[in-house]
There are 2 protein chains.
Amino acid sequence: MNYSPFIDGLENEIKQHRQAISSYNPTTGEKLTGHYPVSTFADLESAVDNARSAAGHLGESSPEIIAHFLETYADRIEANGDEICRMAALETGLPYEPRLKTIELARTTDQLRQAGAAVRERSWRMATIDSAANIRSMYTPLSGPVLIFGPNNFPLAFNAVSGGDFAAAIAAGNPVIAKAHPGHLGTSRLLAEAAWDALNACRLPRGTVQMFYHCAAEDGLKLVAHLGVAAAAFTGSRAAGLALKQAADAAGKPIYLEMSSVNPVFVLPGALAERGEAIAVEFFGSCMLASGQFCTNPGLLIVPQGQRGEKFLQTAAALFKDNPSGPLLSEFGAANIQRSLSVLQEAGAEIATGGEGDGFQHANTLLRVSGEAFRADPASLQTEAFGPVALVVMTRDTQEMAAVAASLEGNLTGSIYSDSQGYDDAAYDQLAPVLATKVGRLLNDKMPTGVAVSPAMVHGGPYPATGHPGFTAVGIPASIHRFAALRCYDNVRPHRLPPELRDENPTGEMWRLVDGRWTQENIVSKVTST
Amino acid sequence: MNYSPFIDGLENEIKQHRQAISSYNPTTGEKLTGHYPVSTFADLESAVDNARSAAGHLGESSPEIIAHFLETYADRIEANGDEICRMAALETGLPYEPRLKTIELARTTDQLRQAGAAVRERSWRMATIDSAANIRSMYTPLSGPVLIFGPNNFPLAFNAVSGGDFAAAIAAGNPVIAKAHPGHLGTSRLLAEAAWDALNACRLPRGTVQMFYHCAAEDGLKLVAHLGVAAAAFTGSRAAGLALKQAADAAGKPIYLEMSSVNPVFVLPGALAERGEAIAVEFFGSCMLASGQFCTNPGLLIVPQGQRGEKFLQTAAALFKDNPSGPLLSEFGAANIQRSLSVLQEAGAEIATGGEGDGFQHANTLLRVSGEAFRADPASLQTEAFGPVALVVMTRDTQEMAAVAASLEGNLTGSIYSDSQGYDDAAYDQLAPVLATKVGRLLNDKMPTGVAVSPAMVHGGPYPATGHPGFTAVGIPASIHRFAALRCYDNVRPHRLPPELRDENPTGEMWRLVDGRWTQENIVSKVTST
């Protein structure tokens with residue numbers, strides 16, 4: 001395991017008749033000089049082999065070692081934070097400060113450390129014990145690698161080799177095979193190298209964390225369905241997500257997807273009257289984060305029509321128009337937005353400001369449409385435009401707002417702004433039950449772009465926002481459960497039980513559901529050893 | 001809602017140019033006189049419409065009412081227990097006593113009451129609260145009907161309209177559309193009528209529980225993928241399960257499957273020497289339950305070759321030979337077993353006793369094969385023969401036992417028998433880690449057929465035993481989570497939160513994960529109302 005075709009010896013690999021790819025500088029539109037190999041399917045299969053033997057090793061490793069790895073990795077990322085963030089800024093056009101260094105790097109290391117703490121404390125296993133019947137169960141590793149495909153928009157915090165899915169998959173005790181996103185190959189390489197340093201420091205096999213840069217699309221589909229792969233996670237476009245889902249489903253492999261979301265924000269009449277301008281400013285700020293390239297970007301605003309609605313639109317449009325747009329993450333970014341704009345316009349949306357773009361640049365764009373038009377073609381008018389773009393729906397009354405909510409697909413989030421005096425309460429009660437069934441997270445008086453790394457967070461939602469409404473990609477312990485198998489030990493002799501299921505609480509802090517009560521205590525066992 | 005094409009007015013429905021089906025008496029092989037309509041796709045769509053409006057009603061109903069329905073339904077089943085069990089005995093050939101009346105009926109009503117108690121107490125929601133950030137999440141209903149396909153082998157406890165999946169789906173707050181199994185149409189009708197009585201008594205809409213008897217296969221696939229259906233559950237054959245899975249997957253619908261399992265039982269050398277005969281008797285008893293038609297039937301025994309192994313096989317074979325076989329559940333039962341026997345024999349298995357069968361009858365059948373032959377073609381030699389059939393694998397040593405375990409597909413269960421003096425401990429340590437990764441439930445010194453309804457039970461396992469390794473069909477609360485969506489309330493004003501997420505604990509008994517601690521206490525909130 002001293003050599004990997006994925007990270008070591010890049011130059012050699014490329015010389016050996018392999019194709020290579022590069023990232024771009026979105027700010028200048030120029031191709032960057034680094035070259036990264038394209039893996040063959042044989043490479044990918046050997047990665048699966050490495051990972052499977054690492055899975056055996058991890059299965060026998062103590063939680064301490066896995067926790068120590070996650071924490072050491074966080075330390076290594078911090079130690080090399082300047083270089084990593086400079087590279088990420090170069091490759092993504094996202095600002096070095098405060099976005100990458102102060103915010104995203106800190107979030108990344110915090111996630112890794114939270115995962116490490118969870119591994120050490122062990123409550124994530126949801127140990128459930130029926131002491132009278134001597135039946136004991138808990139979440140266990142999947143016994144094979146988790147394949148992770150990260151998105152373009154968070155080069156650190158959702159990177160396949162360092163982000164939330166990575167931390168959760170490792171915390172569950174699984175090896176990871178990460179696919180670097182083409183938008184930040186160099187950043188991913190620096191992160192993978194830090195991971196490898198940490199693996200060495202913790203004496204874990206290199207097969208625990210592997211990364212490849214690129215492969216043929218059909219090889220990616222074959223890999224997801226590979227007998228030796230345990231599960232997969234994907235964050236990105238709906239088209240790519242659904243193709244991977246089809247391949248994984250056919251092979252009976254769990255796959256967790258985060259695909260698309262327009263994150264509707266409803267502004268009720270009282271809120272509009274009370275603080276319409278402040279909400280417009282807040283909306284603009286949220287929509288412009290990373291040039292609108294957040295999965296929780298507020299892409300759909302629903303406001304009451306009329307004078308105040310027009311004022312709101314004017315305020316927002318002026319902000320969109322008068323502020324510069326940032327670079328997009330991909331050379332295809334503007335073309336993708338243009339395609340979405342065409343769908344929206346054909347369905348009746350009109351451009352209030354913006355509309356033009358090319359390559360890595362697109363003007364901040366605000367569109368408007370009537371509630372009636374939206375309800376006539378909700379499918380088209382929910383088309384996501386990944387960038388600094390939003391559609392304002394002007395509704396006749398709160399009944400029409402609820403009808404718009406009822407016509408929505410599954411989304412990650414849904415927000416409702418209401419006034420502070422209770423004037424909007426009846427409208428809220430009409431709208432919220434409808435909207436709640438369409439989203440993973442319902443917000444009050446808040447834009448959706450802040451995703452706190454909290455145990456209570458849900459970064460998930462009904463299809464097609466994700467592939468399954470019962471899971472979350474952010475928030476420990478639930479995010480870890482995606483990559484775990486539920487396993488029961490029935491009448492297993494006490495000395496053969498995993499420590500987490502023995503009578504003695506292995507950490508003194510681990511929460512376990514013992515005979516219907518959640519407790520940190522030891523069990524006074526009713527079982528005698530056979 | 002006073003009339004349903006599914007249960008009311010059977011005679012009228014059939015007269016109106018519909019096809020009808022009947023059940024058989026497996027004991028005599030004769031068709032029973034009852035006729036039950038075949039539903040058109042229009043019928044099924046109207047069931048979805050009814051269920052969706054019932055879902056809205058359930059969403060606004062208190063947990064008390066849903067709990068009361070589950071408990072009232074259990075009472076109604078008990079009140080009509082004689083008639084239900086007589087009909088079930090007639091349609092399935094399973095003995096009225098003790099199997100149906102004393103065991104399965106009691107299990108069925110116990111499951112319904114456990115689900116009712118969980119609904120009332122509310123801990124199943126896994127409420128998770130970050131009080132400082134005011135982020136609160138929990139499991140919520142799916143907001144649409146759950147479609148349930150039950151198996152032939154448990155006409156009450158796994159019946160689509162009364163079994164474990166039913167209880168879990170209702171407990172999560174969802175309406176159910178049940179498909180009766182053709183093997184026990186009359187039993188299903190009696191149960192559905194009891195459910196309707198209970199719905200009326202609790203003033204819940206009839207769309208809460210609907211049942212149909214049969215439909216064209218393609219209509220079943222369309223129904224699973226129907227936009228208005230929230231999720232599905234299936235217990236039965238792998239072929240039917242995979243067809244439904246493909247349809248559900250393509251539409252992004254969660255589907256929970258329990259498909260097939262040979263439930264390997266490993267007898268280590270010390271155990272064989274110590275109590276081989278007792279284990280053979282236990283194995284025979286387990287394998288003959290309901291003529292071997294249990295999903296946890298021990299279909300694969302792995303024993304050390306040699307004199308003791310031969311003795312074990314002889315003892316078991318004599319029991320298989322000298323005891324009568326019971327009726328099979330389906331007219332195709334024997335033909336299906338014969339097909340499986342052909343596959344097993346072609347791969348090298350030899351019949352030790354039995355082998356013949358026709359229609360509803362098949363001889364108790366024991367086969368044998370060498371460990372070497374098994375390892376040469378593990379796929380064929382894991383073919384499930386649903387009936388009183390088992391294959392004994394004679395292994396050279398414990399290393400070969402571990403190799404056999406490594407070649408297994410996903411199973412519901414795996415058992416290991418070891419001696420009481422510690423002689424088998426090294427062999428156990430070699431085998432158990434391999435076997436554990438292949439099963440949902442690992443047993444010691446116990447046959448797999450007893451599935452206790454305990455919170456710690458896992459009736460699940462890796463693909464293809466089920467469709468997802470993280471879930472269980474038995475054991476509250478986990479079985480309920482399959483039919484729930486995770487939803488977060490972010491910054492939602494206190495008076496708008498569901499009772500389960502407010503500062504005050506709504507039952508005083510509900511367990512909630514508050515700021516990292518599981519507690520039944522109220523929250524001393526740090527949030528002030530906006």
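In what order do the twelve strands of the open sheet follow one another? In this predicted model, for which local features need pLDDT of at least 70, side-chain atom pairs count only at pLDDT 80 or more, and totals for chains, interfaces and linings use all residues, the order is β23(A)-β22(A)-β5(A)-β6(A)-β21(A)-β20(B)-β19(B)-β12(B)-β13(B)-β18(B)-β17(B)-β14(B), with mixed pairing. Strands (E, at least two residues) and helices (H or I, at least four) are DSSP runs numbered from the N terminus, and two strands pair if DSSP finds at least two bridges between them. The edges of the sheet are formed by β23 (517-519) of chain A and β14 (350-353) of chain B, each of which pairs on one side only. Neighbouring strands are turned by 25° against each other on average, direction ignored, the axes being lines fitted to C-alpha atoms and angles running from 0 to 180 degrees between N-to-C directions. Residues are numbered from 1 along each chain as its sequence is written, and chains are lettered from A and ligands numbered from 1 in the order in which they are written.

Within chain B, strand β13 (residues 300-304) and strand β18 (residues 389-395) pair in the parallel sense over five bridges, and B:Leu301 has B:Val392 of β18(B) as its bridge partner. Between the chains, strand β20 (residues 439-444) of chain A is joined to β21(B) by three bridges, the two strands running parallel, and A:Leu442 stands opposite B:Tyr489 in β21(B).

Chain B is superposed on chain A by a rotation of 180° with 0.0 Å of shift along its axis (RMSD 0.0 Å), which is the relation of a two-fold axis; the superposition is by least squares on the C-alpha atoms of residues with pLDDT of at least 70 in both copies. In the interface, 60 residues of chain B are in contact with 60 residues of chain A, contact requiring C-beta atoms, placed from the backbone, to lie within 7 Å. On the side of chain B that touches chain A, the elements that each supply at least two residues include β5 (128-130), β6 (135-141) and α16 (425-436), while the largest share, seven residues, comes from β21(B). Because 100% of the interface residues of chain B are also interface residues in chain A, the copies meet through the same surface.

Away from its neighbours within four places in sequence, B:Leu70 is in contact with residues that include B:Leu112, B:Val119 and B:Ile170.

Conventions
Contact = placed C-beta atoms within 7 Å.
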